[in-house]
Amino acid sequence: MAEMHAEGGADFDLSQFYQIFFEEAGENLDQMEQILLDLSLENADDEELNGIFRCAHSIKGGAATFGFADVAELTHHMESLLDKLRRHELTPVPEMVDVLLESADASRSLLARHQAGEQGEAPSTADLVRRISELASGRVPEAPAERPEPKPPAAAAPAAQTPPVASQPAPTAASGERELMVRVGPLEDLSSADVIKELFRDIPGLGTISDAASEDTSCRNFRVTTSASNDDLLDLFAFHVAKEQVHISVLAGGDIAAASDATEEVPYGFFPDAPGSPGAAAPTRAAQAAAAESPTPAAHKATPAKATDAKGGAQAHVESTTIRVAVNKVDQLINLVGELVITQAMLAQNSRDLDTAVYQQLLAGLADLDRNTRDLQESVMSIRMIPMSIVFSRFPRMLRDLANKLGKKVDLVTLGEATELDKGLVEKITDPLTHLVRNSGDHGIEMPAERLAKGKPEHGTITLSASHQGGSIVIEVKDDGRGLSREKILRKARERGMDVSDQMPDADVWQLIFAPGFSTADVVTDVSGRGVGLDVVKKNIAALNGSVEVDSSEGYGMRVAVRLPLTLAIMDGMSVGVGDEVYILPLSSVVESFQVNNDDVNTVAQGSRLVKVRDEYMPVIAMEKIFQIPRDSSEKSSNIMVVVESDGSRIALLVDELLGQHQVVVKNLESNYRKVPNVSGATILGDGKVALILDTSSMVRRARH
Amino acid sequence: MQSILAVDDSPSMRKMVAFTLTGAGYHVVEAVDGQDAYEKAQTHDIDLVLADQNMPRLDGIGLTRKLREHPKFKTVPILILTTESSDQMKQAGRAAGATGWLVKPFDPNRLIEVIRKVMP
């Protein structure tokens, strides 16, 4: 074996594990936050407390191993507090949840900074550490009064910065002093540790010592305040008790490095007569085999234990059945499958006219290829699908903080969290949804007193739901707050010089809140300067081929429904022909199509044309005009209309023929060419020709305004 | 080639340990917690067990206790990785039948050094 061993003292590059650690720490922080938010203080469950502890413990271990000392220090303090909670030495109080949540946030920022290559100023955690230490020592700190002050001007900051310990000492400890918990034991006679107390009395300047509770009856615990190092203390104590019997942990002040001084001396050890211990006789394979062949009665008892911890069991199961893959690998796979779909479509088209009798086998093969390609495409697309719970999970925390800040009471209900959505869309929908949820909490839900006065329950409810509807996903944000006021919106719109009328249908009035600069705050709460740019929300959603619908009833609440395509990479399209060109319309926006007579089309001012479809007039867009398609005079003119809808408005597109419906692989035109008006992308057809995909929402917008 | 069962619920720690040991010429079997390790120990030939102490389902000391009940593991060295080298932990480890302990965080070179002491 020896020849296989690497040279001792080799340099190990741990940086290759950083990414795994960052992801793991992120998951641990998410999990910690989740449990903290669900934690019922009166009735905290051991499993939950152990779960949070394990998250902090795991992050600390990794951070210390990979050299992220700031994260290790903060999580070390969190762990100490959590350890006391899980041992029931302390009772959980709301301040603990607050400080742990804030510490989780701070850990995230610290980790993000390391991940970004130490760029930017590291957030200070001194205040958090102080609050955690006070809570861990059984005191409730005056947290709100001593929240971190607003940051000093940037120029002054570096000079003003002092080491965190000195700037935020624990209340009982003077500068440079640390508050320690010293455990001595196990002892035959507990009073033998009294000599340690005498040391503090006899040596001036060593510090103070007092008895502390110990959960272990064979050990003594002391609370010590001192500026001496762990090593000095251990040396002093060594006159009276064995070094191994002393364990020092830091309660406040100092840092983790100092805390581990004591253990630095003995980083590992062996039990003298334990099996395999270097002290014991080296076991031989033969001895092991012999032992294995003569099972003792105990062996029969040693059946694998059932997993008692259901949560832990599920986690382990998930871990062993999933793999982490870089997103770009998945994207490349999707791209290749896209190409394959196109190739398959070309083969299908080219083989259409083959004689089935002669090419029977070839055609059977092509039919198989068709089916397999479709299945493959579906499976590959599903890789990118992630559940909405990923997005929803951020809202409980956000609403909790928002409600606390505003003094409101808000319950969050989430439905359809398992609904899956393309990863790319999930990332892009998160911000607009956050806007909407915040808006509901901020402007929709009333203050508790106001709600009670209106006969509503004191707690407002915000409901987030996701569901699949056809080829779309619909995400709803609903609240039971004060709702929108039609009169106020119309008044505000007139003040801004917008063209509105009292007869406008509700749906059109609600859409006004998405107009640029139209703050809902002005309308709903009259709190100026706090409006959320809903126009940005709408624009972001429209950029994803999505739409927003609003429904509201004054005094009863508001519902915003965001409708999105399931994926951006493939869409159902309807191909239409104009002249020699083929265009693709997103099937989701097509309402109907019909043959039109010239009499049905009316020309109004400036040559605009309108068509009346079932008592509704809508603008007519001649495709040959907007795309300037050359025509021979002998050719027939377009006489088929396709009605498309976007944002609740409809237009009729005039085309030559309807060619069919198919799934198309969307290729970005902007990144390959440039942005083209009225076009959202391009695709390659079965015959190898390129067809443009029409941006129906922008066409509708242009035509209606 | 000697086989080491590396048990840790933290993927980054587990990968780091596995990488270090593989580089030092050992065959590594990874397990995500004590229960997983116990199951893998039944089906693999293991020469040494390196177990984290704090894990869901079954912790390092619990794993040690269960492995020692099994004749196949009566004499296999078992090292516990722990962040606290408290006496309480050491006594529990000793009572369970562990061979020794190694304090986390540790340097990869230290890990190899300790393993070579147990498994020359």
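Two strands pair if DSSP finds at least two bridges between them. Helices (H or I, at least four residues) and strands (E, at least two) are DSSP runs, numbered from the N terminus. This is a predicted model, in which local features need pLDDT of at least 70, side-chain atom pairs count only at pLDDT 80 or more, and totals for chains, interfaces and linings use all residues. Residues are numbered from 1 along each chain as its sequence is written, with chains lettered from A and ligands numbered from 1 in the order in which they are written.

Now the sheet. In chain A, five strands form an open sheet in the order β7-β9-β10-β12-β11, and the pairing is mixed.

Take β7(A). Parallel to this strand runs β9 (residues 460-469) of chain A, and six bridges join the two. One residue to look at is A:Thr414, whose bridge partner in β9(A) is A:Leu464.

Next, the helices α2 (residues 46-66) and α3 (residues 69-86) of chain A. Their axes come within 8 Å and cross at roughly 155°; axes are lines fitted to C-alpha atoms, for helices over the stretch in contact, and angles run from 0 to 180 degrees between N-to-C directions. So α2(A) and α3(A) are roughly antiparallel to each other, a term for angles over 145 degrees. Among the residues that make the contact are A:Phe53 of α2(A) and A:Leu82 of α3(A); contact requires C-beta atoms, placed from the backbone, to lie within 7 Å.

Methods. Parallel < 35°, antiparallel > 145°, perpendicular 65-115°, else oblique. Contact = placed C-beta atoms within 7 Å.
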